[in-house]
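I opened my notebook to look at how two chains sit together. Here is what I looked up, entry by entry.

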Amino acid sequence: MSTWDGLLTGLSFALQPGVLIYCVLGVMLGTFVGVLPGIGAMAAISLLLPITYYISAEAALIMLAGVYYGAQYGGAVASILLRLPGTPQSAVTALDGYPMARSGRAGVALFAAMASSFVGSMLGILVLVLLAGWLSRAATAFGAADYAAMMVLGLVAASTIGSERPAKGFAMIALGMLLGCIGTDVNSGTMRFTFGRTELLDGVNLVALAMGLFGVAEVIGNVRDPDRQGVAERIGLRQMAPRREDLRRMPLPMLRGASLGSFFGALPGTGSTLSSFLSYALERRVARQPERFGHGAIEGVSGPEAANNSAAITAFVPTLTLGIPGDPIMALMLGALVIHGVQPGPMMLEARPEMFWGLVASFGIGNLLLLVLNLPLIGIWVSMLRIPFRLLYPAILIFVCLGVYSVRGLTFDIVAVAGIGLAGYLLALARFSPALLLLGFVLGPLIETNLRRALLISRGDPMVFLERPISAGFVLAIAALLLLSAWQALRRRR
Amino acid sequence: MQRDWPDILGGFALAACGAAAAGWAWLHYDLGSIRQMGAGAFPVALGLLLTVLGLIVALPALRRSGTLPRAEPWAACAVLASVLTFGLGLRVLGLVAATALAVLIASLPAPQRGWGWRLALAACVTGLTVLVFRLGLQMSLPLWPRLG
């Protein structure tokens with residue numbers, strides 16, 4: 001199927017009312033949780049997982065993806081107005097967005113964030129379409145050894161790049177992979193770590209794990225936050241109109257940010273937070289007057305916002321073409337697809353064109369909706385910032401409980417959520433990343449299956465990982481990353 | 001000197017988990033060979049890896065000062081008690097009572113005094129829950145306590 005046919009198929013699929021509504025729902029909900037500090041995209045996607053049981057796999061993916069990129073738009077609002085990043089990806093936006101708001105230019109900063117997000121997404125979609133076709137053709141040459149090595153590379157990259165304490169990240173991934181071992185072993189039928197509980201035969205429930213780690217644990221961490229002081233300013237369309245000078249300063253940072261983002265988003269393990277930081281650093285370096293940064297430079301809003309949105313879109317490349325999630329959010333998306341019995345892989349573009357092209361089209365529709373709706377609705381989002389968390393979180397908890405219960409109708413799962421929530425809270429307190437745990441949990445069983453298959457094919461010869469050129473490349477990259485982080489750790493100690 | 005307790009306790013706890021998992025898998029599941037790995041091989045390897053990583057986190061932290069994170073034991077207890085009340089009470093108390101009770105318990109640690117808003121919130125959330133999950137999504141849940 002040519003790209004053009006694909007796009008037409010996708011558009012006609014995504015514009016059906018029964019599908020479009022989930023796209024709208026997703027981006028609206030995403031913006032909402034992005035605006036609210038205290039609940040991130042991870043929590044929102046976890047909360048929505050049970051609902052996806054009731055709709056088709058395609059619509060589920062479109063809705064969850066909408067939450068993800070919608071949250072990027074919303075996250076910028078809280079970052080700019082309150083210096084409280086609604087999502088980690090928008091933390092950088094606060095550096096210059098908040099000073100702009102303080103000097104009475106909040107509207108312009110919001111406009112810059114939204115316009116840049118839109119441009120970033122559009123470039124991301126372009127890169128996604130080009131890369132996905134190429135990668136899914138290349139991926140037909142992948143064997144079990146290559147898959148295993150690539151997944152390990154993703155895990156190593158996720159816990160080393162941009163992390164101060166890689167050992168803590170690795171520990172979380174190992175713990176997640178161990179949790180992934182619970183349940184019936186597919187190869188031998190052995191029941192591992194089930195301790196006689198029939199509820200554990202299918203393994204730890206992904207929905208319960210995600211809700212515990214990101215719903216309950218995040219609620220606990222935010223319960224005692226005092227009410228946020230009302231945002232004084234009223235922001236309407238008139239306040240958002242940029243000056244001519246602002247317009248002149250925006251396009252280049254947008255393009256640079258979007259290129260950075262679409263490159264790093266597609267790599268496994270790096271993702272959108274890193275690309276927004278890199279984009280900010282780049283803008284600062286190329287600026288004629290770097291001293292303006294930190295005092296309300298519009299480039300410092302434009303670049304990172306374009307970067308994190310394009311990265312959010314190209315992150316789908318490895319997930320959809322190889323079936324390998326590059327970051328924890330993608331791991332949740334993959335989990336949602338697996339719930340529906342869809343295993344993404346190189347064949348998916350051909351076998352289920354609606355899935356891939358429908359998603360691509362929904363990216364375009366969703367981002368256009370975000371731009372068109374958010375500009376006039378900005379006043380409503382700003383007033384959402386005033387909702388006290390104390391009125392929201394009890395409802396969130398009930399939603400978590402009933403959501404988990406609805407999956408299998410077992411109260412065991414609700415009790416499990418409480419336990420997982422406590423563990424997640426303690427881990428977050430000790431600054432261990434629960435997101436990496438989830439990534440390990442989803443990738444662990446895939447790695448085990450491919451590792452066992454690769455060794456079976458090679459008759460027990462571990463050299464297979466170095467003899468196949470693709471896997472050797474991944475192993476080399478893993479070694480390089482490990483050496484680099486070891487070197488950094490040694491240098492820090494001196 | 002304030003010890004780096006998060007790393008020390010977290011590291012040792014993870015190491016203990018890893019060692020326990022590896023030991024259990026070693027004793028109970030078939031390890032197999034490299035060519036044909038058994039059900040136990042992967043968990044044993046992961047357990048050992050986690051043990052080593054936990055020690056790598058914990059041991060250097062013993063000789064280092066650190067800051068204590070701000071824990072909220074009161075908030076944690078209330079939230080967990082709320083989830084457990086809902087989970088264990090759902091079949092016995094019915095949806096209405098379990099929801100109202102869970103909301104009240106959850107709202108205890110909120111930084112705002114008074115019972116009025118708590119009761120109002122419980123009523124609102126209960127109403128919404130019944131409306132959405134019972135009437136809207138048609139989930140089969142008992143609404144009222146089971147008598148007798």
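**Entry 1: the layout of chain B**

I started with the domains, and chain B is divided into domain 1 (5-62) and domain 2 (73-136); such bounds come from an automatic or database domain assignment. The centres of domain 1 and domain 2 of chain B, taken over C-alpha atoms, are separated by 39 Å.

A note to myself on the ground rules: this is a predicted model, where local features need pLDDT of at least 70, side-chain atom pairs count only at pLDDT 80 or more, and totals for chains, interfaces and linings use all residues. Residues are numbered from 1 along each chain as its sequence is written, while chains are lettered from A and ligands numbered from 1 in the order in which they are written.

**Entry 2: what the record says**

I checked UniProt next, and its unreviewed entry gives "transmembrane region" for residues 7-27, 39-62, 74-105 and 117-137 of chain B. UniProt positions are in the numbering used here, feature names are shortened, and annotations may be inferred rather than shown by experiment.

I compared two of these spans with the model. Residues 7-27 of chain B are 100% helix and 0% strand, with end C-alpha atoms 30 Å apart. Residues 39-62 of chain B are 92% helix and 0% strand, and their end C-alpha atoms lie 36 Å apart. Helices (H or I, at least four residues) and strands (E, at least two) are DSSP runs, numbered from the N terminus.

The unreviewed entry also places "domain: DUF1468" at residues 9-142 of chain B. I found that span to be 73% helix and 0% strand, with its end C-alpha atoms 43 Å apart.

**Entry 3: where the chains meet**

How many residues of chain B are in contact with chain A? I found 56, and they meet 48 residues of chain A; two residues are in contact if their C-beta atoms, placed from the backbone, lie within 7 Å. On chain B, the elements giving two or more residues to this side are helix H1 (5-28), helix H2 (41-62), helix H3 (73-107) and helix H4 (116-136). H3(B) gives the most, with 17 residues.

I sorted the chain B side by class and got 38 nonpolar, 13 polar and five charged residues. Here Ala, Val, Leu, Ile, Met, Phe, Trp, Tyr, Cys and Pro count as nonpolar, Asp, Glu, Lys and Arg as charged, and the others, Gly among them, as polar.

**Entry 4: one helix pair up close**

I picked helix H19 (residues 389-408) of chain A, which packs with H3(B) at an angle of about 140°, the axes being 10 Å apart. Axes are lines fitted to C-alpha atoms, for helices over the stretch in contact, and angles run from 0 to 180 degrees between N-to-C directions. H19(A) is therefore oblique to H3(B); angles under 35 degrees count as roughly parallel, over 145 as roughly antiparallel, 65 to 115 as roughly perpendicular and the rest as oblique.

Among the residues making this contact are A:Tyr393 and A:Leu397 of H19(A), and B:Phe86 and B:Val103 of H3(B).
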